[in-house]
Amino acid sequence: MEPLMAIAIGILFTAAIYMMLRRSIVKLVIGLMLLSNAANLLIFATAGMVRGAPPLVPEGLSAPASAVADPLPQALVLTAIVIAFGVLSFAVVLVRRAWEVVGADDLDKMKDTDT
């Protein structure tokens with residue numbers, strides 16, 4: 001399972017970099033979205049992909065009785081998803097405004113405009 005995840009993460013990173021290097025600003029935003037998803041999967045894969053019980057300590061014990069899932073990577077990815085959604089929504093609004101001003105999504109045409 002982990003080698004398959006490593007290959008999937010590599011493909012996502014490759015596709016994200018490829019999309020971000022295109023001249024279209026829409027493809028840049030799609031690449032940004034793929035990059036954030038690849039980073040989230042990388043955090044999960046780095047933490048170890050094991051199934052475990054919720055990290056709850058029974059009453060009277062100082063540690064969990066059995067193997068538990070690590071909540072830290074889950075919390076990091078949840079925070080990263082919220083931040084990525086905020087960045088993505090800002091980028092979409094920025095692309096829409098740029099389209100209204102310039103009338104094209106080509107980055108080469110956008111660098112010569114002064115508004």
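This section describes the nonpolar core, the salt bridges and selected surface features of a predicted model.

The largest nonpolar core has 6 residues: Ile 25, Val 29, Ala 91, Val 95, Ala 98 and Met 110. Helices α2 and α3 are the elements that each give two or more residues to this core. The largest share, 3 residues, comes from α3. In soluble globular proteins, nonpolar side chains tend to be buried together.

The structure holds 3 salt bridges. One pairs Arg 23 with Asp 106, with the closest N and O atoms 2.5 Å apart. Arg 23 lies in the loop between α1 (2-20) and α2, and Asp 106 in the loop between α3 and α4 (107-110), so the pair ties together parts that are 83 residues apart in sequence. Asp 106 is buried, because its relative accessible area is 12%, below the 20% limit.

Arg 96 meets Glu 100 at 3.6 Å between the closest N and O atoms. Shared partners join Arg 96, Arg 97 and Glu 100 into one network. Arg 96 is exposed at 60% relative accessible area, whereas Glu 100 is partly exposed at 46%.

Met 1, Leu 4 and Met 49 make a nonpolar surface patch of about 340 Å². Met 49 lies in the loop between α2 (25-47) and α3 (71-102). Its relative accessibility is 33%, so Met 49 counts as partly exposed.

Arg 22 lies over the face of Tyr 18, at 4.4 Å from the ring centre. The count of aromatic pairs is 0.

Key:
Residues numbered from 1 in each chain as written. Predicted model: local features only at pLDDT ≥ 70, side-chain atom pairs only at ≥ 80, totals over all residues. Heavy atoms only, no water. Patch = residues over 30% accessible without salt bridge, like charges linked within 9 Å, V, L, I, M, F, W, Y side chains within 5 Å. Areas by Shrake-Rupley, 256 points an atom, 1.4 Å probe, with all protein chains shown as cover. Salt bridge = Lys/Arg side-chain N within 4 Å of Asp/Glu carboxyl O. Helix = DSSP H or I, 4+ residues; strand = E, 2+ residues; numbered from the N terminus. Buried < 20%, exposed > 50% of the residue type's maximum accessible area, 1.4 Å probe, protein only. Phe/Tyr/Trp six-rings, centres within 6.5 Å; stacked < 30°, edge-to-face > 60°. Lys NZ or Arg CZ within 6 Å of the ring centre and 35° of its normal. Core = buried A, V, L, I, M, F, W, Y, C linked by side-chain atoms within 4.5 Å.
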